[in-house]
Amino acid sequence: MIDPLYVASGFGVGLLVGLTGVGGGSLMTPLLILLFGIHPTTAVGTDLLYAAATKTGGSVVHGWSRSVHWRAVLRLACGSIPASALTLLVLWKLDLRSDIERNLVNLVLCFALILTATSLIFRKSIMERYRRRMEQLDERTTLMATVITGIVLGVLVSISSVGAGAVGVTVLLLLYPRLPMATIVGSDIAHAVPLTLVAGIGHWMLGSVDWGLMGVLLLGSLPGIIIGSYSATRVPETVLRVALASVLVVVASKIMFAELNLQSAIVTALAWSH
């Protein structure tokens with residue numbers, strides 16, 4: 001039996017991804033944790049493969065349109081793929097079902113959501129402040145900075161499934177200021193496909209992917225992305241970015257308060273037991 005609420009959630013997230021271009025992880029993972037009560041690691045693992053499936057189509061379209069800077073994609077992947085593999089190894093050592101791992105996922109998720117919201121709200125002012133300085137970077141410095149960005153994204157995405165969207169776009173805009181926006185977005189999506197696929201397969205091997213849930217989410221999200229992409233030019237970009245950033249801050253706060261309440265309850269219980 002297909003739960004219509006999961007389909008509706010997939011559609012809503014797909015619609016927002018199509019409208020804003022921000023990765024679904026920043027929306028889908030918190031939704032699965034907060035609304036449906038799914039374990040954080042299962043939410044992350046399922047969302048990573050969900051993202052790999054949805055972004056493959058976008059990557060093919062951008063590649064066909066020649067709006068992908070493959071050199072930047074390769075540099076990002078040189079940092080992100082090894083970082084993702086190493087992060088997954090650490091998660092495996094921590095034991096995926098332990099409370100420590102749950103806490104880690106929730107804390108990194110909060111950080112990644114705040115970082116994404118900041119990128120959405122302050123992207124324009126960041127660009128105005130640093131663009132001229134970044135244009136003077138030599139090729140070697142740009143290469144190193146891109147690989148380091150890939151490493152950071154690899155860790156963030158592997159733990160929380162968030163970061164490859166708005167954060168990736170903002171950094172690429174700074175490092176490659178001469179590229180058109182369509183190429184920046186296309187390169188970010190093209191890089192997200194192998195990263196989410198590698199991280200998602202890693203989570204699957206660790207037993208934290210719900211395939212049935214992923215199928216139901218895709219059932220709703222694919223039409224949502226198509227409608228969102230078609231409607232994107234009809235909705236003011238600034239309104240969308242601020243609204244989405246506000247939602248992400250609220251969600252991050254809710255996860256953080258839930259985590260703090262859980263920790264205080266554990267401390268209280270331990271105090272009473274002694």
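The structure is a predicted model, in which local features need pLDDT of at least 70 and side-chain atom pairs count only at pLDDT 80 or more, while totals for chains, interfaces and linings use all residues. Residues are numbered from 1 along each chain as its sequence is written, and side-chain values use heavy atoms, with hydrogens and water left out.

The chain contains 10 helices and zero strands. Here helices (H or I, at least four residues) and strands (E, at least two) are DSSP runs, numbered from the N terminus. Along the sequence, the pattern is accordingly α-α-α-α-α-α-α-α-α-α. Of the 274 residues in the chain, 50% are buried; a residue is termed buried under 20% relative accessible area, exposed over 50%, and partly exposed in between (1.4 Å probe, protein chains only). The accessible surface of the chain is about 13,600 Å², and carbon and sulfur atoms contribute 70% of that area. These areas come from the Shrake-Rupley method with a 1.4 Å probe, and for residues only the protein chains shown count as cover. Among contacts in the chain with a separation of 6 or more, 85% are between residues 24 or more positions apart, a contact being defined by heavy atoms within 4.5 Å.

Helix packing was examined next. Two packed helices are described by the angle between their axes and the distance between the axes. Axes are lines fitted to C-alpha atoms, for helices over the stretch in contact, and angles run from 0 to 180 degrees between N-to-C directions. The axes of helix α7 (residues 166-175) and helix α8 (residues 181-205) come within 9 Å and cross at roughly 130°. Helix α7 is therefore oblique to α8; angles under 35 degrees count as roughly parallel, over 145 as roughly antiparallel, 65 to 115 as roughly perpendicular and the rest as oblique. Gly168, Val169, Leu172 and Leu173 of α7 form this contact with Met181, Ile184, Ser187 and Asp188 of α8. Nine of the 10 residues of α7 are buried, so this helix is largely enclosed by the rest of the structure. The buried residues of α7 include Gly168, Val169, Leu172 and Leu173.

Helix α8 also packs against α6, their axes coming within 10 Å and crossing at roughly 45°. This pair is therefore oblique as well. The contact joins Leu153, Gly154, Val157 and Ser158 of α6 to His191, Leu195, Thr196, Ala199 and His203 of α8. Glutamate 139 also lies in helix α6 (residues 139-160). Its relative accessible area is 44%, so glutamate 139 is partly exposed. Leaving aside residues up to four places away in sequence, glutamate 139 touches Arg71 and Arg75.

The structure holds two aromatic pairs. In one of them, the rings of tryptophan 204 and tryptophan 211 have their centres 5.7 Å apart and their planes at 90°, so the pair is edge-to-face. Rings of Phe, Tyr and Trp (its six-membered ring) pair if their centres lie within 6.5 Å; planes under 30 degrees apart count as stacked, over 60 as edge-to-face and the rest as tilted. Tryptophan 204 is partly exposed at 47% relative accessibility, and tryptophan 211 is partly exposed at 43%.

Phenylalanine 36 occupies the loop between α2 (25-34) and α3 (40-64). With 18% relative accessibility, phenylalanine 36 counts as buried. Beyond residues up to four places away in sequence, phenylalanine 36 touches Leu5, Tyr6, Ser9 and Leu31. Phenylalanine 36 and leucine 5 are 31 residues apart in sequence, and their C-alpha atoms are 9.5 Å apart in space.
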